[in-house]
Amino acid sequence: MAAGVATWLPFARAAAVGWLPLAKNSMPKPPGDKKSRHDEILIVNVSGNRFQTWKNTLDRYPDTLLGSSEKEFFFNEETQEYFFDRDPEMFRHILNFYRTGKLHYPRHECIQAFDEELAFYGIIPEIIGDCCMEEYRDRKKENQERLEEDTEAEMATETPLPPDSTLRERLWRAFENPHTSTMALVFYYVTGFFIAVSVIANVVETVPCRAPKGMLKDLPCGEKFSLAFFCLDTACVMIFTFEYLMRFFAAPSRGKFMRSVMSVIDVVAIMPYYIGLVMPENEDVSGAFVTLRVFRVFRIFKFSRHSQGLRILGYTLKSCASELGFLLFSLTMAIIIFATVMFYAEKGTKDTNFTSIPASFWYTIVTMTTLGYGDMVPSSIAGKIFGSICSLSGVLVIALPVPVIVSNFSRIYHQNQRADKRRAQLKIRLARIRLAKSGTTNAFLQYKEHGGLQDQSSGNQALCIRNRSTFEHQHNHLLHCLEKTTNHEFTDEHTYNEVCMAESMDYRTSRSTSISSQQGQSTSCCSRRAKRRAIRLANSTVSVSRGSIQELDTLHVQKSIPQSRSSLNARTQDLKLNCGGDMDFTAAIISIPTPPANTPDDSLPPSPAIPGILRNSQQMGDMSSQYTQEAIKISSL
Amino acid sequence: MGIQGMEILAVGVVLFMFMAVLKQFGVLEPMEDSSESDLELSTVRHQPEGLDQLQAQTKFTKKELQSLYRGFKNECPSGLVDEETFKMIYSQFFPQGDATTYAHFLFNAFDIDRTGSIRFEDFVIGLSVLLRGSVHEKLKWAFNLYDINKDGYITKEEMLAIMKSIYDMMGNYTYPSVREDTPFEHVEKFFQKMDRNQDGVVTIDEFMETCQKDENIMSSMQLFENVI
């Protein structure tokens, strides 16, 4: 029940006295009274802003935080007030809800922040008053759409393929997103070029060239150089056919592919050629065939795969279908009305052009769109008057739906722009976040190196450890506990890759060690990893965005590599797991913006003060021996 | 129609459009009055009498009066409750049935001086009687409620109207279901009890006498004292 009703309840109960003399049965006992019926003023302190209100006001909605006993959890005994560590600006709206019974949505606030506040205070958003409900819903939908759009786009284009994807899947991915591999890009540009060539050829072959010797009139170039044009056409059609067949092969759902607009356009673009091949050189039939050639112009629509602007235009027209339909309908109505009127107005005139109503259609259309060719002109006075009314109304009827279409186009276009910008910025953001994260790992590793895990008895360690907060100490202790639990150690990407490299080198150079033979399995995956590093540059997007959404939100705890050589033997299994999968080496993160102050310089490149572990891969030769040393050192920790 | 007919028609169309344009620009005044209504009751306000006076007239403490007024003012900032609002408020407590008729009777019972709207004084005085009044006063209030035309007598028709409105509040879905003649029977029973001299009307003395003899009624009168 609303607040108002709660206020009137005592009154309604009192009025029940009127039933008493009429009652057939005796009345039930009233419910027990609460102890304090007297109203008191409560103080609610929200981040320093003290709000005061009557207790009754808050009691109006007993299923919210402030109306129930849940607020006792926030009661501060010393100051005798309820303290909430939340946004005071938002709280104002929440409190107004209790006071007036209507929840308003502040337009300048972020919708998610508002939702979170509502969730905290136990108020369901459906209570928002009508005045603000529409705005709230619109913003919420927009936000959701945007998030969905982002994740969808991510999933569709930028998540890396699982390594066991078939040729079909890879091919489809290459077609849909040409930026994934150079081959796809090349193919993309080649097809684009050939589309352009084909369209230009179609256009040029109708231009009149100079007549060859022995003929009087000019021939169109198509007939003069018919062989050349035929060869060109054949080449283009070959390419298009090939492309179409490849797409058909690669499509995950062939039925859906065949029904899609682009594939229909592809088919229509190449059919005339094949029909022409099959058709016999018959006079009548080839006349019809010539008209079929007009479909070749559909090739120009193939460009829409290459241009996003065209796609947006098509999407806009689709989404404005209702406005366009309305425009068409109103135009048709107006045309028929005015054509009829003009016909009857001009009926009496001699030698008039307005021979029938359908003939007047042409006049009406030309007049309403303000073209005015002048081939049909009214001559009677009535005709002229109605003709002028027709032209004036034409302007209005056409001008009305156009702004709707324009605004739709503008909205969709800007949305697309924003989406692209966001995606571009996402990569930068993720790169920075990675930086911070690797800083965290390195912080821990440094901590270990500086002997932070030992008892802090020796004095010289105080300098090395620097000024770490309690939080960091506890965090590092936690990571150390995990290490002890699993008997593995944390390391970073570089080291791990170096280990892989080192092992592959080992395998290739010295076959004497027993280790290497046992690592035959791991070598293969390590070598694959090495190859991956080589093409990492080309696939920069892959590494950045790998599990990008997850990186932003979740924890990954990597399984670290085994440290010493001996344990390497035992744990080739683990190594294989690590190498084989696509698992990324995101360090264990608890909080993203951890100590940039400590580690910006130390993260990359690693400081030389830390021997061995965090080295870059230049010193590959003596890497293995060094590594052995360090391995022993680590295992002694 | 020849050429001439068509031209006349065309001229007619032009004249019509001309007049439409003139009308639009306000040169040719349209015949109807502009409506200025809607300014009536929205600026009417009422401020109650002073706190002390109300305290003298009712049996509420100052704090209780303050609390009551706060709630009242929150709901009706203008200080007046008209009948429609009253009906709406009262109906919210009885969602199943139709409480409008009974609310109408209640409204008349509270609106002592028949102004058409309940002021805070009426509200508080009524509540004072119901919650803090003596049994005698409460019974008098109930009699006043049943006596629709306030002539001092409750007739069978009046009682029937009241009874029907009470049963209306129950709604359609009751167990056992309300039959057509249930209110009528209830009224008969009531009259048998109350109407001492069997003259077809119940006076206030008859009413008081009967009620004071009925233990059920007397005991239930104490029920609602602690509502505020």
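**Close-up views of a two-chain model**

Over all chains, the structure holds 25 salt bridges. The model is predicted. The legends below take it one view at a time.

Figure 1. Side chains of opposite charge can pair when their charged atoms come close. Here the partners are Glu135(A) and Arg139(A). Their side chains form a salt bridge, at 3.9 Å from N to O. The cut-off is 4 Å, so this pair counts. Both residues belong to helix α5 of chain A, which covers residues 130-158. Four residues separate Glu135(A) from Arg139(A) in α5(A), about one turn of the helix.

**Figure 2. The interface of chain A and chain B.** The size of an interface is often given as the accessible area lost when the parts come together. Chain A and chain B bury about 4,100 Å² between them. Carbon and sulfur atoms account for 74% of that area. Which three residues of chain A supply more of its buried area than any other three? They are Trp8(A), Phe11(A) and Leu22(A), with 19% of the area that chain A buries against chain B. The contact draws 41 residues from chain A and 53 residues from chain B. How many salt bridges cross the interface of chain A and chain B? The rule finds zero.

**Figure 3. Helices α14 and α17 of chain A.** Helix α14(A) spans residues 321-345, and helix α17(A) spans residues 401-449. Their axes lie 10 Å apart. The two helices pack at an angle of about 165°. Angles over 145 degrees count as roughly antiparallel, so α14(A) and α17(A) are roughly antiparallel to each other. Their crossing is left-handed. From α14(A) come Glu323(A), Leu324(A), Phe326(A) and Leu327(A). They meet Pro401(A), Val404(A), Ile405(A) and Asn408(A) in α17(A). By class, the residues of this contact are six nonpolar, one polar and one charged.

**Figure 4. Helices α4 and α5 of chain B.** Helix α4(B) covers residues 83-91, and helix α5(B) covers residues 100-110. The angle between them is about 125°, with axes 9 Å apart. Parallel, antiparallel or oblique? The helices α4(B) and α5(B) are oblique to each other. The crossing of α4(B) and α5(B) is right-handed. On the α4(B) side, the contact includes Phe86(B) and Tyr90(B). On the α5(B) side, Leu106(B) and Phe107(B) are among the residues taking part. The contact of α4(B) with α5(B) has six nonpolar, three polar and two charged residues.

Methods. Residues are numbered from 1 along each chain as its sequence is written. Chains are lettered from A and ligands numbered from 1 in the order in which they are written. This is a predicted model: local features need pLDDT of at least 70, side-chain atom pairs count only at pLDDT 80 or more; totals for chains, interfaces and linings use all residues. Side-chain values use heavy atoms; hydrogens and water are left out. Axes are lines fitted to C-alpha atoms, for helices over the stretch in contact, and angles run from 0 to 180 degrees between N-to-C directions. Angles under 35 degrees count as roughly parallel, over 145 as roughly antiparallel, 65 to 115 as roughly perpendicular and the rest as oblique. A crossing is left-handed if the near helix is turned anticlockwise from the far one by less than a right angle, and right-handed if clockwise. Contact means heavy atoms within 4.5 Å. Ala, Val, Leu, Ile, Met, Phe, Trp, Tyr, Cys and Pro count as nonpolar, Asp, Glu, Lys and Arg as charged, and the others, Gly among them, as polar. Buried area is the accessible area (1.4 Å probe) that two parts lose on being put together, summed over both.
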